[in-house]
Amino acid sequence: MKLSRTLPVAGIAALGAGAANAETITVATVNNNDMVIMQSLTDAFEKAHPDITLDWVVLEENVLRQRMTTDIATKGGQFDVMTIGTYEVPIWAERDWLAPLNDLPEEYQVDDLLTSVRDGLSQDGTLHALPFYGESSMMYYRQDMFDQAGIEVPEQPTWEEVRDWASQLHNPGEETYGICLRGKPGWGENMALVSTMVNTFGGRWFDMQWNPQLDAAAWQEAVSFYVDLLNEYGPPGASSNGFNENLALFSRGNCAMWVDATSAAGKLYDTGESQVADKLGFAPAPIAETPKGSHWLWSWALAIPASSDSKAAAKEFITWATSQEYIELVGEQKGWTSVPPGTRESTYANENYQQAAPFAGFVLEAMQSADPTDSTLEPSPYVGVQFVGIPEFQSIGTQVGQMIAAALTGERTVEQALQAAQRSTKRTMQRAGYLD
Amino acid sequence: MNKTRVYGRTVGGLRSLSLQAPAVTLLLLWMLVPLGMTLWFSFQRYNLLMPGMSGFAGLENYEYLLTDPALWSAMGNTLLLVGWVLIITVVGGTLLAVLFQQEFLGRGVARVLAISPFFVMPTVSALVWKNMMMHPANGVLAWLANLFGLPAVDWFSSLPLTSIIIIVAWQWLPFALLILLTAIQSLDDDQVEAARMDGAGPIAVFFFITLPHLKRAISVVIMIEMIFLLTIFAEIFVTTSGGPGLATTNLAYLIYIQALLDFDVGTASAGGVIAIILANIVAIFLVRLVAKNLES
């Protein structure tokens, strides 16, 4: 890989004077649907930019994150474009690992990017990554089942109501379960959902002195609620269901409700992939004590590592892949439900998109109302709704996620799990120097 | 005469030394450089995510690791995993070896089939077990349970370590079978016949003739399996990711968590050093045991 990047592509070099050598840039990305579409449009990019060739490294999220972090921390310089999230961007930017993206071309229209997403990808007011797609969380439900049971969903459902509905609609004999939620451990899996639940039950990860708050009443309440709800009205084996597993369950019609990423909507409305496309209802993510932090904010973004030696070409590529023009290209070639959502206001103003995606306005509203700087009832020292914007959080979130999963399977009680989580979080924070 | 012999020996010593030197040097480099680096890193404050925090850490990494409650549960899991898999494979392997030694129709095919799990890659077999055997909705085991009107077991969440033990034992049983079957084939038929004539039944033959004959082979199986089982990783990574909680985190997986999920190279190296020490303690006992067995 490394070799091919430094070798000019002979054919184009032979075009003679004036023609620049084709630069090969290595793009590391996640194997999510939207990114796979991006990869399939390689030809369109290379045709428009004959002097750049793309080399793809497409991996599963966790593996990719490991490869990229190791590469960037050791200044490996293996990748020219990296796909990273709202969590990494500020942390990596602070360490000068990412090339700042000021002076973007006029036609890119930076102002068209959603403000909440743009803020999340900026460090000291400078963009360090460009959003590829963005998401919040919301509740999906089966309109047909709700109609049959005579349930009307209010404008803002609460978790209590959700439990009530789940108990009415739970029918394991026919393989329809009251509710599907993430149970697979991981800071980007179950902890994303659990954090939003803790937020809305009035809890927080840390107090203003960075003391972990996992043994507080709000955590106890939120996690007990989550564990009971999923054990009583969830599908079997819920502790190994992540986003993709739940997506499959819901689109096969096995779940009456599902609270998860807004980016699933496109797939659920796609009649080719989903059996519930015509009986889908949606509502905001449920709340409990407070509406604060009840739905998350996340975006996958494309960034250029400071160690890249093809920064100009890489910039060409990321401005193309996150542009309005790209979104239109996907809309025309792959259908408007498949366009990467949650990045640009112009997407939501587009009539084609509005027609194909009835959830569009709803998602926009959810994304704009999520505020990473103010997501907890009591004040907290960190930025992030479903994560804590410090480097140690990957480790903390993974450990706590394992404990919550242990509580879900009944291996530990909720209280034991939270105590263990509190202890390990405290240890990590002490070691990192936040606490004495 | 005496002189020449001594002379010759020295030359031979020198010559063989010079011939061995490249291989030995390479082997030493191969072993010592990574080992030295691991030792060095284990005394450093080295976290990839915190480039500012670096320098000599003294015993901090070791202290952090040894006070981690996860370490002790990981050691316990490692021992349980190794112990149970050894028991299952050795007992099962011996019985199967005796079975496959008997003459029956299609013995050749049956032998090949019995041995084939060993040739499946660990990640692949773990995936097959996870999605096709033990899955609570689509798995064969769930289907079987349903057939008898029993509720499906969600293996990886209710019996996580047992599930891993089953998968690993399934993989290593053929290995034990292979070694023990070849050993049994070297058992002299005359000896068995003589025992029979003295009035020994099949059970007595098994316990007093076959089993003592297999003693050495069993020690070899135990030693080789132990080396590989102490570092089981792929099966855990693919199926349970060490969870739920810490139920299936063994030492190898704990080190992986430290190094690649926490990016804490220092602590991970300290974990590696502890694992080396542990493996050596086990090896010393084991090598003695096996050596004793092989001598007698």
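How far apart do the C-alpha centres of domain 1 of chain A and domain 2 of chain A lie? They lie 30 Å apart. This is a predicted model, and the points below take its two chains in turn, then their contact.

1. **Domains of chain A.** Domain 1 covers 2-135 + 298-356. Domain 2 covers 137-296 + 378-431. With their C-alpha centres 30 Å apart, the two domains still touch: 12 residues from domain 1 of chain A meet 13 residues from domain 2 of chain A. On the domain 1 side, the elements giving two or more residues are α6 (88-94) and β6 (130-142) of chain A. By class, that side divides into six nonpolar, four polar and two charged residues.

2. **Overall form of chain A.** Chain A holds 20 helices and nine strands. Its C-alpha atoms fill a box of roughly 75 × 55 × 35 Å along the principal axes. Its radius of gyration is 22 Å; this agrees with the value near 22 Å for a compact globule of 436 residues. Of those 436 residues, 50% count as buried. Take the contacts in chain A between residues at least 6 apart in sequence: 73% of them join residues at least 24 apart.

3. **Helix α20 of chain A.** This helix runs over residues 414-431, 18 residues in total. At 1.5 Å a residue it should span 26 Å, and its end C-alpha atoms are 26 Å apart, so expectation and model agree. Its buried residues are A:Val414, A:Ala417, A:Leu418, A:Ala420, A:Ala421, A:Ser424, A:Thr425 and A:Thr428. They cover an arc of only 160 degrees around the axis, which puts them on the same side of α20(A). The reason lies in helix geometry: an α-helix has 3.6 residues a turn, so residues three or four places apart point the same way. The buried residues of α20(A) pack against α11 (217-233) and α19 (393-409) of chain A. Just after α20(A), A:Gly433 takes a positive phi of about 90 degrees.

4. **Overall form of chain B.** The secondary structure of chain B comes to 13 helices and two strands. The C-alpha atoms of chain B fill a box of roughly 85 × 75 × 30 Å, taken along the principal axes. Buried residues make up 32% of chain B. Among its contacts between residues at least 6 apart in sequence, 69% join residues at least 24 apart.

5. **Domains of chain B.** The assignment gives domain 1 (1-42) and domain 2 (58-295). Their C-alpha centres lie 36 Å apart. How many residues does each domain bring to the contact? Domain 1 of chain B brings four residues, and domain 2 of chain B brings seven. On the domain 1 side there are two nonpolar, two polar and no charged residues.

6. **Helix α5 of chain B.** The helix spans residues 122-133, and B:Ser125, B:Ala126, B:Trp129, B:Lys130 and B:Met133 are buried in it. The face turned away from the buried side carries the exposed residues B:Val124 and B:Met132. Cover for the buried residues of α5(B) includes α6 (140-147), α7, α8 (160-185) and α11 (234-239) of chain B.

7. **Contact between the chains.** Chain B gives 23 residues to the contact and chain A gives 22 residues. On the chain B side, α7 (155-158) and α12 (251-261) are the elements that give two or more residues. Which of the elements gives the most? α7(B) does, with three residues. By class, the chain B side has 15 nonpolar, six polar and two charged residues.

Technical notes:
Residues are numbered from 1 along each chain as its sequence is written. Chains are lettered from A and ligands numbered from 1 in the order in which they are written. This is a predicted model: local features need pLDDT of at least 70, side-chain atom pairs count only at pLDDT 80 or more; totals for chains, interfaces and linings use all residues. Helices (H or I, at least four residues) and strands (E, at least two) are DSSP runs, numbered from the N terminus. Ala, Val, Leu, Ile, Met, Phe, Trp, Tyr, Cys and Pro count as nonpolar, Asp, Glu, Lys and Arg as charged, and the others, Gly among them, as polar. The radius of gyration is taken over C-alpha atoms; the globule rule is 2.2 Å times the number of residues to the power 0.38. A residue is buried if 20 or more other C-beta atoms lie within 10 Å of its own, exposed if 12 or fewer, and partly exposed in between; C-beta atoms are placed from the backbone. Domain bounds come from an automatic or database domain assignment. The expected span of a helix is 1.5 Å times one less than its number of residues. The arc is that of the directions from the helix axis to the C-beta atoms.
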